Amino acid sequence: MGLAVMHVMAGVLVDTDGQVLLAQRPPGKHLAGMWEFPGGKLEPGERPAAGLARELREELGVEIALDRATPLVRVRWNYGERDLLLDAWQVAAWRGTPRSVEGQALQWCWPSEIAPAVLAPADREILKTLPSGRPVRQ
Ligand SMILES: Nc1nc2c([nH]c(=O)n2[C@H]2C[C@H](O)[C@@H](COP(=O)(O)OP(=O)(O)OP(=O)(O)O)O2)c(=O)[nH]1
(Lines give C-alpha, C1' and ligand atoms only; values in the text may rest on other atoms or scores of the structure.)
Protein backbone atom coordinates (compact mmCIF):
# COMPACT_ATOMS: atom_id res chain seq x y z
CA MET A 1 0.00 0.00 0.00
CA GLY A 2 1.43 3.40 -0.94
CA LEU A 3 1.46 5.98 1.80
CA ALA A 4 0.34 9.46 0.88
CA VAL A 5 2.37 12.42 2.04
CA MET A 6 0.51 14.24 4.79
CA HIS A 7 0.41 17.99 4.19
CA VAL A 8 0.59 19.72 7.56
CA MET A 9 0.28 23.47 8.04
CA ALA A 10 2.22 25.17 10.83
CA GLY A 11 1.94 28.83 11.82
CA VAL A 12 4.92 30.72 13.20
CA LEU A 13 3.17 33.56 15.03
CA VAL A 14 5.68 36.33 15.64
CA ASP A 15 4.80 39.08 18.10
CA THR A 16 6.14 42.63 18.07
CA ASP A 17 9.13 41.62 20.28
CA GLY A 18 10.11 38.83 17.90
CA GLN A 19 8.88 36.03 20.15
CA VAL A 20 7.22 33.03 18.55
CA LEU A 21 4.38 30.87 19.87
CA LEU A 22 4.94 27.19 20.62
CA ALA A 23 2.32 24.59 21.56
CA GLN A 24 2.87 21.28 23.28
CA ARG A 25 1.58 18.11 21.63
CA PRO A 26 -1.06 16.42 23.76
CA PRO A 27 -0.56 13.12 25.63
CA GLY A 28 -1.50 10.03 23.66
CA LYS A 29 -0.86 11.61 20.26
CA HIS A 30 2.01 11.22 17.84
CA LEU A 31 5.07 13.05 19.29
CA ALA A 32 3.26 13.59 22.61
CA GLY A 33 4.94 16.13 24.88
CA MET A 34 7.08 17.66 22.15
CA TRP A 35 6.68 21.31 21.22
CA GLU A 36 5.45 22.36 17.81
CA PHE A 37 4.19 25.34 15.89
CA PRO A 38 0.38 25.42 16.06
CA GLY A 39 -1.36 23.96 13.04
CA GLY A 40 -2.52 20.67 11.65
CA LYS A 41 -3.43 18.61 8.62
CA LEU A 42 -4.72 20.23 5.48
CA GLU A 43 -8.12 18.87 4.47
CA PRO A 44 -8.60 17.42 0.97
CA GLY A 45 -8.99 20.22 -1.57
CA GLU A 46 -8.27 22.92 0.99
CA ARG A 47 -5.87 25.73 0.08
CA PRO A 48 -2.86 26.08 2.37
CA ALA A 49 -3.64 29.60 3.60
CA ALA A 50 -7.25 28.61 4.31
CA GLY A 51 -6.14 25.48 6.17
CA LEU A 52 -3.68 27.45 8.23
CA ALA A 53 -6.36 30.00 9.14
CA ARG A 54 -8.81 27.22 10.08
CA GLU A 55 -6.32 25.39 12.30
CA LEU A 56 -5.26 28.56 14.13
CA ARG A 57 -8.92 29.50 14.62
CA GLU A 58 -9.66 26.02 16.06
CA GLU A 59 -6.56 25.76 18.28
CA LEU A 60 -5.86 29.35 19.33
CA GLY A 61 -9.12 31.20 18.79
CA VAL A 62 -7.46 33.80 16.59
CA GLU A 63 -8.27 35.07 13.11
CA ILE A 64 -5.05 35.55 11.16
CA ALA A 65 -4.58 38.34 8.64
CA LEU A 66 -4.01 36.45 5.38
CA ASP A 67 -2.16 39.41 3.84
CA ARG A 68 0.36 39.19 6.70
CA ALA A 69 0.88 35.42 6.42
CA THR A 70 3.76 34.29 4.19
CA PRO A 71 5.31 30.92 3.38
CA LEU A 72 8.50 30.45 5.40
CA VAL A 73 9.83 26.97 4.70
CA ARG A 74 8.58 23.55 3.59
CA VAL A 75 10.10 20.58 5.38
CA ARG A 76 9.75 17.06 4.03
CA TRP A 77 10.06 14.64 6.96
CA ASN A 78 9.66 10.91 7.41
CA TYR A 79 8.65 9.71 10.87
CA GLY A 80 8.60 6.09 9.75
CA GLU A 81 4.88 5.60 10.35
CA ARG A 82 4.08 8.86 8.57
CA ASP A 83 5.54 10.90 5.78
CA LEU A 84 5.04 14.61 6.17
CA LEU A 85 5.19 17.82 4.22
CA LEU A 86 5.40 20.41 6.97
CA ASP A 87 4.40 23.73 5.42
CA ALA A 88 5.44 26.51 7.80
CA TRP A 89 4.13 30.05 7.35
CA GLN A 90 5.13 33.16 9.18
CA VAL A 91 2.14 34.95 10.65
CA ALA A 92 2.73 38.59 11.58
CA ALA A 93 -0.79 39.76 12.42
CA TRP A 94 -3.97 38.27 13.86
CA ARG A 95 -7.15 39.27 15.62
CA GLY A 96 -7.70 38.06 19.18
CA THR A 97 -5.28 36.84 21.83
CA PRO A 98 -4.01 33.29 21.28
CA ARG A 99 -5.41 30.98 23.95
CA SER A 100 -5.41 27.25 24.32
CA VAL A 101 -8.79 26.21 22.93
CA GLU A 102 -7.97 22.49 22.94
CA GLY A 103 -5.99 22.36 26.21
CA GLN A 104 -2.47 22.37 24.77
CA ALA A 105 0.19 24.21 26.78
CA LEU A 106 1.31 27.36 24.97
CA GLN A 107 4.49 29.36 25.35
CA TRP A 108 5.97 32.48 23.77
CA CYS A 109 9.73 32.12 23.23
CA TRP A 110 12.60 33.87 21.56
CA PRO A 111 13.86 31.61 18.79
CA SER A 112 17.41 31.85 20.17
CA GLU A 113 16.21 30.39 23.48
CA ILE A 114 14.43 27.35 22.04
CA ALA A 115 16.33 24.12 22.61
CA PRO A 116 16.00 22.14 19.38
CA ALA A 117 15.66 18.90 21.37
CA VAL A 118 12.27 19.92 22.81
CA LEU A 119 10.81 20.45 19.35
CA ALA A 120 9.19 17.85 17.12
CA PRO A 121 12.12 16.75 14.92
CA ALA A 122 10.76 18.28 11.70
CA ASP A 123 10.33 21.62 13.50
CA ARG A 124 14.06 21.86 14.14
CA GLU A 125 14.36 22.70 10.43
CA ILE A 126 11.86 25.52 10.89
CA LEU A 127 13.79 26.84 13.88
CA LYS A 128 16.93 27.09 11.73
CA THR A 129 15.21 29.63 9.48
CA LEU A 130 14.26 31.99 12.34
CA PRO A 131 16.38 34.97 13.36
CA SER A 132 18.97 33.85 15.92
CA GLY A 133 19.69 37.23 17.49
CA ARG A 134 19.65 37.36 21.25
CA PRO A 135 16.63 38.84 22.91
CA VAL A 136 16.91 42.49 23.88
CA ARG A 137 16.05 43.01 27.53
CA GLN A 138 15.87 46.39 29.18
N1 LIG B 1 0.47 20.80 13.91
C2 LIG B 1 1.76 20.47 13.79
N3 LIG B 1 2.08 19.18 13.53
C4 LIG B 1 3.38 18.88 13.42
C5 LIG B 1 4.38 19.86 13.56
N6 LIG B 1 5.59 19.27 13.40
C7 LIG B 1 5.38 17.96 13.18
O8 LIG B 1 6.22 17.10 13.01
N9 LIG B 1 4.01 17.72 13.20
C10 LIG B 1 3.42 16.42 12.94
C11 LIG B 1 2.74 15.81 14.11
C12 LIG B 1 1.65 14.98 13.47
O13 LIG B 1 2.22 13.77 13.03
C14 LIG B 1 1.28 15.79 12.25
C15 LIG B 1 0.13 16.75 12.50
O16 LIG B 1 -0.96 16.05 12.78
P17 LIG B 1 -2.13 16.69 13.62
O18 LIG B 1 -1.63 17.42 14.81
O19 LIG B 1 -3.04 17.40 12.72
O20 LIG B 1 -2.87 15.42 14.01
P21 LIG B 1 -2.56 14.41 15.17
O22 LIG B 1 -1.42 13.54 14.85
O23 LIG B 1 -2.49 15.18 16.44
O24 LIG B 1 -3.91 13.66 15.15
P25 LIG B 1 -4.30 12.28 14.52
O26 LIG B 1 -3.38 11.99 13.37
O27 LIG B 1 -4.11 11.36 15.65
O28 LIG B 1 -5.69 12.54 14.12
O29 LIG B 1 2.42 16.56 11.95
C30 LIG B 1 4.02 21.20 13.82
O31 LIG B 1 4.86 22.10 13.96
N32 LIG B 1 2.68 21.45 13.93
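**Before you start**

This is a predicted model: local features need pLDDT of at least 70, side-chain atom pairs count only at pLDDT 80 or more, and totals for chains, interfaces and linings use all residues. Residues are numbered from 1 along each chain as its sequence is written.

**Stop 1: the annotated range**

Select residues 5-132. An unreviewed UniProt entry lists this range as "domain: Nudix hydrolase". UniProt positions are given in the numbering used here, feature names are shortened, and annotations may be inferred rather than shown by experiment. Over residues 5-132 the chain is 14% helix and 35% strand. The end C-alpha atoms of that range are 30 Å apart. Helices (H or I, at least four residues) and strands (E, at least two) are DSSP runs, numbered from the N terminus.

**Stop 2: the ligand shell**

A residue counts as near if its C-beta atom, placed from the backbone, lies within 6 Å of the molecule. How many residues surround the ligand? There are 16, and the closest are A10, E36, G39, G40 and A120. Strands β1 (6-13), β4 (39-41) and β7 (83-91) are the elements that give two or more residues to this shell. β4 gives the most, with three residues.

Now colour the shell by class. It has eight nonpolar, three polar and five charged residues. Here Ala, Val, Leu, Ile, Met, Phe, Trp, Tyr, Cys and Pro count as nonpolar, Asp, Glu, Lys and Arg as charged, and the others, Gly among them, as polar.

**Stop 3**

Leaving out residues up to four places away in sequence, A10 touches E36, F37, G39, L86, D87, A88 and I126. Contact is set by C-beta atoms, placed from the backbone, within 7 Å.

A10 also belongs to the largest nonpolar core, which has 30 residues. Such a core is a set of buried Ala, Val, Leu, Ile, Met, Phe, Trp, Tyr and Cys residues joined through C-beta atoms within 7 Å. Buried means 20 or more other C-beta atoms within 10 Å of the residue's own; exposed means 12 or fewer, and partly exposed lies in between, with C-beta atoms placed from the backbone. A10, V12, L13, I64, A88, V91 and I126 touch the most other members. Next, show β1, β2 (20-24), α1, β6 (69-78), β7 and α2 (123-127): each supplies at least two residues of this core. The largest share, five residues, comes from β1.

**Stop 4: the β6-β7 hairpin**

Select β6 and β7. They run antiparallel and are joined by nine bridges. Strands pair if DSSP finds at least two bridges between them. Four residues sit between the strands of this hairpin, and G80 takes a positive phi near 85°. Find N78; its bridge partner in β7 is D83. D83 counts as partly exposed because 13 other C-beta atoms lie within 10 Å.

**Stop 5: the three-strand sheet**

Select β3, β2 and β9. They form an open sheet in the order β3-β2-β9, with antiparallel pairing. β3 (35-36) and β9 (106-109) are the edge strands, each pairing on one side only. Two bridges join β2 to β3. Q24 stands opposite W35 in β3.

Then move to L31, in the loop between β2 and β3. Its phi is near 60°, a positive value in a residue other than glycine. Most residues other than glycine have a negative phi.

**Stop 6: the β9-α2 loop**

Select W110 and P116. W110 lies in the loop between β9 and α2, and P116 is found in that loop too. W110 is partly exposed, with 18. Beyond its neighbours within four places in sequence, P116 is in contact with R124 and L127.

**Stop 7: R57**

Finish on helix α1 (residues 48-60), where R57 lies. R57 is partly exposed, with 15 C-beta neighbours inside 10 Å. R57 touches V62 and E63, not counting residues up to four places away in sequence. R95 is 38 residues from R57 along the chain, with their C-alpha atoms separated by 10.0 Å.

Key:
Two residues are in contact if their C-beta atoms, placed from the backbone, lie within 7 Å.
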